[in-house]
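These are my notebook entries on one structure. I record what I looked up, one topic at a time.

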2 protein chains.
Amino acid sequence: MRYELYYWPGIQGRGEFVRLALEEAGADYVDVARKRGDAAIARLVERKGEKHPPFACPALKAGKLLIAQTANILLYLGPRLGLAPKDVAGALWTHQLQLTVTDFVMETHDTHHPISSQLYFEDQIPAAKKRTEYFWRYRVPKFLGYFETVLARSGGPWLTGRRLTYADLSLFQVVAGLRYAFPKRMRRFEKKVPGLIALHDRVAARPRIKAYLASARRLPFNEWGIYRQYKLLDA
Amino acid sequence: MRYELYYWPGIQGRGEFVRLALEEAGADYVDVARKRGDAAIARLVERKGEKHPPFACPALKAGKLLIAQTANILLYLGPRLGLAPKDVAGALWTHQLQLTVTDFVMETHDTHHPISSQLYFEDQIPAAKKRTEYFWRYRVPKFLGYFETVLARSGGPWLTGRRLTYADLSLFQVVAGLRYAFPKRMRRFEKKVPGLIALHDRVAARPRIKAYLASARRLPFNEWGIYRQYKLLDA
């Protein structure tokens, strides 16, 4: 099966959580818009009469299926790529972790866009500063502390136990993203979640992920995605 | 199977999306904290050694399973309660719609709490006003317009076609919530999404939902949940 991923070609964004799963599994896939340009996305999203239109990217074409919503794509890919348990309890648990990552990603995004994504960051700086303060004071400890607890209870080395899942890959991305966006704050915080940092490093060292990260396929972080480096927010 | 729902007893909140599914199906369930008080939730969430700890409520106990994240609970309940297709494509599509509802609910919540849930609404009014303006200018038309399109393309009467799913129940709640929180704005907006309004009415008229809405089990909307009526935000 050749998968087709539709996502913005200039950012890691939400598409990166899917890219990481496809890369780790060595799946056959095309990153469509990087090959054919943004217009391919507009054509897909606005396709007249499409019965299952995506609200937004990423979207994945898998044969006749067209699937959107990052966590939903991973729900589909997980068991097929060997990146999620196939039993009901294990599949639901892995998905539950992913949905918690989703919430955290949304909250992270809103640190730089607390008012509206229609406005530039520069037009919402006071609110962004305040939201970021509360984000680091309450939300980062709560979310990352939660994942640290899950990891400790799983028996390791992965979030759900002995086998790597897409949720581990996503947490790798969360740690990498926070390090990029908030280098100072994250450096201070990391000692509180040593298990997650070790998990991040284990993911980064996996042969296919390592090769991917060193390749041109891995887009650099930048100031158009979820994780943006704004010095004003990194006290 | 007797299901146990764990959710805050004083609000509709995210738990309501699960309650509506259980009620429509006539499922055997206990709303645990309404019976035994808030402390039951704390005991569940903080249970030592629980391998699948919820990050937050709602959580559902189904036999030995403990499932959290609203959309994940509905993913599990859907086919079991006759509220979602059982084939892969249909299940993923229904879940995709639910995840889009989830995003919209989060954005709706943040209209009154754009800076932090740790602060009172009164401490973030200027940001809330601004966020609400953009929410109604861009996000409501985008989200509700999307669902209106999906409904039109499905052939009706429901979002996925001829059979009611949990996504329809959730959209009912979204319409009801927006009407409560923003009565003036919503009144002006409704004519743009006649299909969704008709869907809302069809859900409200279903015998079990009608009985539920008229019962004491349906908590009233109030100013502690997702949908809050603040005159300042309803221009």
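I began with a term: a crossing of helices is left-handed if the near helix is turned anticlockwise from the far one by less than a right angle, and right-handed if clockwise. Helices (H or I, at least four residues) and strands (E, at least two) are DSSP runs, numbered from the N terminus.

I noted that this is a predicted model, in which local features need pLDDT of at least 70, side-chain atom pairs count only at pLDDT 80 or more, and totals for chains, interfaces and linings use all residues. Residues are numbered from 1 along each chain as its sequence is written, chains are lettered from A and ligands numbered from 1 in the order in which they are written, and side-chain values use heavy atoms, with hydrogens and water left out.

**Entry 1: α1 and α10 of chain A**

I found that α1(A) passes α10(A) in a right-handed crossing. The residues in contact (heavy atoms within 4.5 Å) are A:E16, A:R19, A:L20, A:E23 and A:E24 of α1(A), with A:R208, A:I209 and A:Y212 of α10(A). I sorted residues by class: Ala, Val, Leu, Ile, Met, Phe, Trp, Tyr, Cys and Pro count as nonpolar, Asp, Glu, Lys and Arg as charged, and the others, Gly among them, as polar. The contact of α1(A) with α10(A) has three nonpolar, no polar and five charged residues.

I then looked up the geometry. Axes are lines fitted to C-alpha atoms, for helices over the stretch in contact, and angles run from 0 to 180 degrees between N-to-C directions. Helix α1 (residues 15-24) and helix α10 (residues 207-214) of chain A pack at about 125°, with axes 8 Å apart. Angles under 35 degrees count as roughly parallel, over 145 as roughly antiparallel, 65 to 115 as roughly perpendicular and the rest as oblique. α1(A) and α10(A) are therefore oblique to each other.

**Entry 2: the two chains**

Helix α5 (residues 88-112) of chain A packs on helix α5 (residues 88-112) of chain B at about 35°, with axes 12 Å apart. I noted that the crossing of α5(A) and α5(B) is right-handed. Among the residues in contact are A:H95, A:L99 and A:D103 of α5(A) and B:H95, B:L99 and B:D103 of α5(B). This contact of α5(A) with α5(B) divides into four nonpolar, two polar and six charged residues.

**Entry 3: local features**

I looked up a kink of about 45° in helix α6 (residues 125-154) of chain A, centred on A:F135; the bend at a residue is the angle between axes fitted to the seven residues ending there and the seven starting there. Just after α6(A), A:G155 has a positive phi of about 90°.

Most residues other than glycine have a negative phi, and most peptide bonds are trans. A:Q69, although not a glycine, has a positive phi of about 75°. The peptide bond from B:C57 to B:P58 is cis, with omega near 0°.
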